[in-house]
Amino acid sequence: MRILMVCLGNICRSPLAEGILSNKTKDLDEVMVDSAGTAGYHIGSPPDERSINIAKKHNINLNNQRARKFSQEDFDKFDIIYAMDTSNYKHLISLANTEEEKNKIRMILNEINPNSFESVPDPYYGGEDGFEIVYNLLNQACEKIKSSIE
Ligand code: 4NP
């Protein structure tokens with residue numbers, strides 16, 4: 001199972017989602033997790049320090065991650081593509097060329113509340129507390145994803 005986490009910049013939310021799910025599935029050889037952004041503003045950058053810090057608090061290491069932009073080939077490389085918010089979701093749907101590609105795209109918080117289409121709030125312009133909220137939402141969602149894989 002190959003899972004891609006997608007947000008806008010690939011420096012705040014999706015690196016954290018990647019780190020949380022990778023950590024939860026580290027003993028499952030068949031699971032591969034990656035992340036990307038729909039925008040290219042931060043290509044090559046490490047995750048935002050506030051994401052690194054909240055992850056570290058939970059013994060998750062994001063230091064080796066570098067931001068990249070979502071590419072068309074990701075539709076072939078991944079089985080499930082999780083969007084963090086409705087804007088990422090709509091952007092990904094617009095990039096999909098086939099029904100099969102569209103069917104790979106999901107809203108990550110639908111794992112907690114099916115069909116709710118709730119967004120993980122963008123924490124970039126806020127304070128540290130926003131990252132705490134993002135961590136808790138992603139941790140719940142990734143726990144559901146893990147149990148659906150097992
Ligand atoms: P992310 O957060 O999409 O969770 O990585 C953002 C990072 C950067 C920007 C916006 C959101 N930005 O506008 O540069």
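**The ligand and its surroundings**

Guide: An oxygen atom of the ligand is 3.0 Å from a polar backbone atom of I11. A backbone N or O atom of G9 lies 2.8 Å from an oxygen atom of the ligand, and for C12 the corresponding distance from a backbone N or O atom to a ligand oxygen atom is 2.9 Å. A polar contact is a pair of N or O atoms within 3.5 Å; within protein, one must be able to donate a hydrogen and the other to accept it, and residues adjacent in sequence count only if both atoms are side-chain atoms. Taken alone, the ligand exposes 360 Å², of which the protein buries 92%; these accessible areas come from the Shrake-Rupley method with a 1.4 Å probe, and for residues only the protein chains shown count as cover.

This is a predicted model, in which local features need pLDDT of at least 70 and side-chain atom pairs count only at pLDDT 80 or more, while totals for chains, interfaces and linings use all residues. Residues are numbered from 1 along each chain as its sequence is written, and side-chain values use heavy atoms, with hydrogens and water left out.

The ligand is surrounded by C7, L8, G9, N10, I11, C12, R13, Y41, H42, D122, Y124 and Y125; a residue is near a molecule if one of its heavy atoms lies within 4 Å of it. By class, this shell has seven nonpolar, three polar and two charged residues. Here Ala, Val, Leu, Ile, Met, Phe, Trp, Tyr, Cys and Pro count as nonpolar, Asp, Glu, Lys and Arg as charged, and the others, Gly among them, as polar.
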